[in-house]
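Here is a structure to get to know.

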Amino acid sequence: MPESWERPAVPSLPGTGTAPRLHDTATGARLCSAPDDIIARLYVCGITPYDATHIGHANTYLAFDTLQRVWVDAGLEVHYAQNITDVDDPLLERAAATGVSWRDLADQQIELFRHDMTALRILPPQDYVAVTEVIDEIAQAVAVLLDRGLAYRVPTSDADADDVYFDISAAAETSPWRIGEESNLDREQMLLLSAERGGDPNRPGKRDPLDALLWRAAREGEPSWPSVLGAGRPGWHIECSVIALKHLGHDFSVQGGGADLVFPHHDLSAGHAAALSGHPLAKVYSHAGLIAYQGEKMSKSLGNLVLVSELLRECVPAAGIRLALLAHHYREEWEWTRAGLDEALARLDAWRGIRSNQHGAVALDVLDQVRQRLADDLDTPGAIAAVDRAVETGVDDPALIRALVDALLGIEL
Ligand code: 5CA
Ligand code: ZN
């Protein structure tokens, strides 16, 4: 397993916080994120390693970093797993277009991502798993789905090699899942998004246009691995189902990612996992809002990227990047601007100058307010406002403010 990255120290605080209520994409309700036992289990979809780490990626990983910090403050242990999509069409296309090997591109980008996550003081996953490490397990899972009649073969031009697809209708009949359960989209919207986001609704031979690719048989010029299914490579959604089930089991606390993953990726990865395990994948499905830049969603395909590594190279402090992101609620869709970053840098300076004042704010009250705000669907703007008020008046115990800002917002003053 690749190493994840260095874990920042998290100071402990007086008393205990509360596990947050989180907005659940599937039900639209705010659900309690506390596990039944002491261990909160979290899966967040990791990068496809090219064009890492842009501010949109950083915002998504920061949202789930905040969740972990609040869980830890509530006295919970956290078991966190994350994947790396180190073989998939967009990565292969980028490698081909730039004339580098896909393996070198992936390795170099994974290293850059690790460096950026460390600089941003993002709590690392315990299980950091590249899809290329679990090809056998994925192929075996697909073979199980074939055996159960929940998957079927579609021939390719090579008579000996079939692709394998997930049968959404058969799966809905036999498992606690149906398509659209997480995304709440109608069929027309699903068809559109599937075509936009890596699906192939028009592929001939499929039983339903929304059936998702589980296994792609080897093609000339593409990487492939020998397996029980013959040579090939995994489809996208099944990688996250298999990695999550292997490391976290089913019914884990929270499945997370950016809002661009709601459909088809999370809907289908929950479907594959339910078909394999007979249980729902997670209790809460949580999604961070997409960050825009220059009027459009920040995305690799559009190329309108602000990279964390470039900001760091300009000597922007990582704590300032964190504060700029935390000033927005994690579910908000907003546009990154230099003015927003400057505002965060000014706030960071003000926080660093916090005065001791025995007649000012009471630090324990500030801690209480910050905990309450974060317990309410990770309201970081509300938490920041509580710290701003204490900075304005001065506070009886500045050291406690520094500790709470470090522990809960990940910012060292
Ligand atoms: N490897 C897949 C997930 S299995 C993938 O989506 N990789 S990614 O590199 O494209 O994105 C990594 C994470 O960043 C995902 O959780 C994605 O939802 C999130 N993300 C991508 N673009 C943005 C954006 N503009 N704003 C916020 N989050 C984003
Ligand atoms: Zn994923």
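Predicted model: local features only at pLDDT ≥ 70, side-chain atom pairs only at ≥ 80, totals over all residues.

Q: What makes the arrangement around the zinc ion (ligand 2) tetrahedral?
A: The angles do. Four donor atoms count as tetrahedral if all angles lie between 85 and 135 degrees. Around the zinc ion (ligand 2) the four donor atoms subtend 103 to 116 degrees, so the arrangement is tetrahedral.

Q: How do you know that Cys45, Cys240 and His265 coordinate the zinc ion (ligand 2)?
A: By distance. A donor is an N, O or S atom within 2.8 Å of the metal. Cys45 (SG), Cys240 (SG) and His265 (NE2) sit at 2.0 to 2.2 Å. That qualifies them as donors. Along the chain, the donors of this zinc ion follow the spacing C-x194-C-x24-H.

Q: Why can the pair of cysteine 45 and histidine 265 be said to tie together parts that are apart in sequence?
A: Look at where they lie. Cysteine 45 is in the loop between strand S3 (39-44) and H1, while histidine 265 is in helix H8 (residues 262-277), so the pair links parts 220 residues apart in sequence. Both cysteine 45 and histidine 265 are buried.

Q: Why is histidine 237 called buried?
A: Buried means under 20% relative accessible area. Histidine 237 has 7%, so the label holds. This residue belongs to helix H7 (residues 236-248).

Q: What makes the link between the side chains of histidine 237 and histidine 265 a polar contact?
A: The cut-off for a pair of N or O atoms is 3.5 Å. The two side chains make their polar contact at 2.9 Å. Histidine 237 also touches other residues, among them Ala212, Pro264 and Leu268.

Q: How do you know that helix H1 has close to its expected span?
A: Compare two lengths. H1 (residues 55-73) has 19 residues and reaches 26 Å from first C-alpha to last. At 1.5 Å a residue, 27 Å is expected.

Q: What makes H1 mostly covered?
A: The count of buried residues does: 18 of its 19. Glycine 75 follows H1, and its phi is positive, near 85 degrees.

Q: Which residues come nearest to ligand 1, and what polar distances are found there?
A: Of the 24 residues around ligand 1, Gly46, Thr60, Thr85, Asp260 and Met298 come nearest. A polar backbone atom of glycine 46 is 2.8 Å from a nitrogen atom of ligand 1. For methionine 298, a polar backbone atom is likewise 2.8 Å from a ligand 1 nitrogen atom. A backbone N or O atom of glycine 56 lies 3.0 Å from a nitrogen atom of ligand 1.

Notes:
Residues numbered from 1 in each chain as written. Chains lettered and ligands numbered in written order. Heavy atoms only, no water. Helix = DSSP H or I, 4+ residues; strand = E, 2+ residues; numbered from the N terminus. Expected span 1.5 Å × (residues − 1). Buried < 20%, exposed > 50% of the residue type's maximum accessible area, 1.4 Å probe, protein only. Donors = N, O, S within 2.8 Å, 3.2 Å for Na, K, Ca; no water. Tetrahedral: all angles 85-135°; square planar, octahedral: opposite > 155°, others 65-115°. Polar contact = N/O pair within 3.5 Å; in protein donor to acceptor, adjacent residues only side chain to side chain. Contact = heavy atoms within 4.5 Å. Near = heavy atom within 4 Å. Lists of a residue's contacts leave out its neighbours within four places in sequence.
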